[in-house]
Each structure stands twice: as structure tokens, then as C-alpha cells.
Amino acid sequence: MLETDSVKDSASGLWKKVNILTQTNSVAVLGLGRFGSAVALSLASSGENVLGIDRDSETVRSLTDRLHRIAVADATDLETLRRLGIGEVEQAVVAIGQDVAASVLTTSLLAELDVQKIWARAMTYRHALILERMGAHRVVLPQQDMGKMLAGLLISGGPAP
């Protein structure tokens, strides 16, 4: 079920009416850069109810008709996350990349909101360790993970391009 509420737009500082997510079996993706967008769009194309959140209004605008719900919002603000219904999603992906502090804070807020499964993207092994301590259930290091996968393909004589 979708309801509306007011959420402060981090770009303009204005309060806007938005639909909030109150459905279960949903995934929130916080941070819609290259990695987050790829995750969100793949989930949406598989039929998942996806709530995408990013601070950048242009990024959000480019994905508006491709995700179930999308919002320009600050993922480091607990009240904003509450108003968006983040506590109601079963899984969340913290895809915030370069801003380690925002990534860590967002992960801790999701844990505070009792999100059942928190996935987080880390930039370094130390960052991954901190995310786990803050409540992430699973941490991915995309660069390292892809490097390992490529090495495995090379060793096994995997599929040629």
C-alpha cells in the first residue's frame, strides 16, 4: 500500500508531498550512481518493488519512470528515512560510494530502523569492516569482487568475449 507524506527535498530545502513505501517484499537502494543504478534497475527489471534514493535531483529524474518509487532525499537523515518508509522494506542496499561517512551513517540508520537485510558497498577493506560493525549483513567490494571473478575466469579458461 502506498501513502503520501511530506519529505524535505535536500536540493531545494522545500517540503514536498511524496508517496512513501509501506509494502513488504521491497528493496531500497540508497545512492543511485553507476553501481546503485545498476542494482536498482536490475532488481526492477526482475519485478522487485524498488525504492531508489539519491541526493542528486538530476540522477533521480533520469530514473523516475524506471523504478517503483524514487526520491530526492538525504539518506543520512533518520527522519527522512522514516517518512519514506525505509523501516518497512525487507532489504536495503547502501550504494553510496565515495562518501565513506555518509555510507557508514546510512548503514547505522538502517540498522536502527530494523531493516531485515542490509547490503552495503565498501570502497576498502577497512570501510567494509566498519560497515559490518555498523549493522551491514553483507558487504560487497565491487572492484575487488570483479577482479577475483575475472581471475577465476582466466584461470578456468572461461568464456571468451
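Guide: Contact here means heavy atoms within 4.5 Å. This model is a predicted one.

Visitor: Thank you. Which strands does helix α1 lie across?

Guide: Helix α1, residues 34-45, lies across β3, β4 (49-54), β6, β7 and β8. Its direction makes an angle of about 165° with β3.

Visitor: And what is the order of the strands in the sheet?

Guide: The open sheet has six strands in the order β5-β4-β3-β6-β7-β8, and the pairing is parallel. At the edges are β5 (69-72) and β8 (138-140), each of which pairs on one side only. From one strand to the next, the twist averages 15°.

Visitor: What do strands of a sheet pair through?

Guide: Strands in a sheet pair through backbone hydrogen bonds, and the pairing is either parallel or antiparallel.

Visitor: How many bridges join β3 to β6?

Guide: Four bridges join β3 (residues 26-30) to β6 (residues 91-94), and these two strands run parallel. As one example, L30 has V94 in β6 as its bridge partner.

Visitor: Let us change topic. Where does R121 lie, then?

Guide: R121 belongs to strand β7, which spans residues 117-121.

Visitor: Is R121 buried or exposed?

Guide: R121 is buried, and it has no salt bridge. D54 is the nearest side chain of opposite charge, and it is 9.4 Å away.

Visitor: Which residues does R121 touch?

Guide: Leaving aside residues up to four places away in sequence, R121 touches several residues, including F35, V94, I96, H127 and P142.

Visitor: How many salt bridges does the structure hold?

Guide: The structure holds four salt bridges. In one of them, the side chains of D74 and R55 meet at 3.9 Å, N to O. D74 is in the loop between β5 and α3 (78-83) and R55 is in the loop between β4 and α2 (57-63), so this pair ties together parts that are 19 residues apart in sequence.

Visitor: What else meets R55 in a salt bridge?

Guide: The side chain of D99 also meets R55 in a salt bridge, at 3.9 Å, N to O. Because D99 lies in the loop between β6 and α4 (100-112) and R55 in the loop between β4 and α2, the pair ties together parts that are 44 residues apart in sequence.

Visitor: Is R55 buried or partly exposed?

Guide: R55 counts as partly exposed, because its relative accessibility is 44%.

Visitor: Which residue forms a salt bridge with E79?

Guide: E79 forms a salt bridge with R83, and their closest N and O atoms are 3.6 Å apart. Both residues lie in helix α3, four residues apart, which is about one turn of the helix.

Definitions and conventions: Residues numbered from 1 in each chain as written. Predicted model: local features only at pLDDT ≥ 70, side-chain atom pairs only at ≥ 80, totals over all residues. Heavy atoms only, no water. Buried < 20%, exposed > 50% of the residue type's maximum accessible area, 1.4 Å probe, protein only. Lys, Arg positive; Asp, Glu negative; His and termini not counted. Pairing = 2+ DSSP bridges. Axes fitted to C-alpha atoms, helices over the stretch in contact; angles between N-to-C directions.
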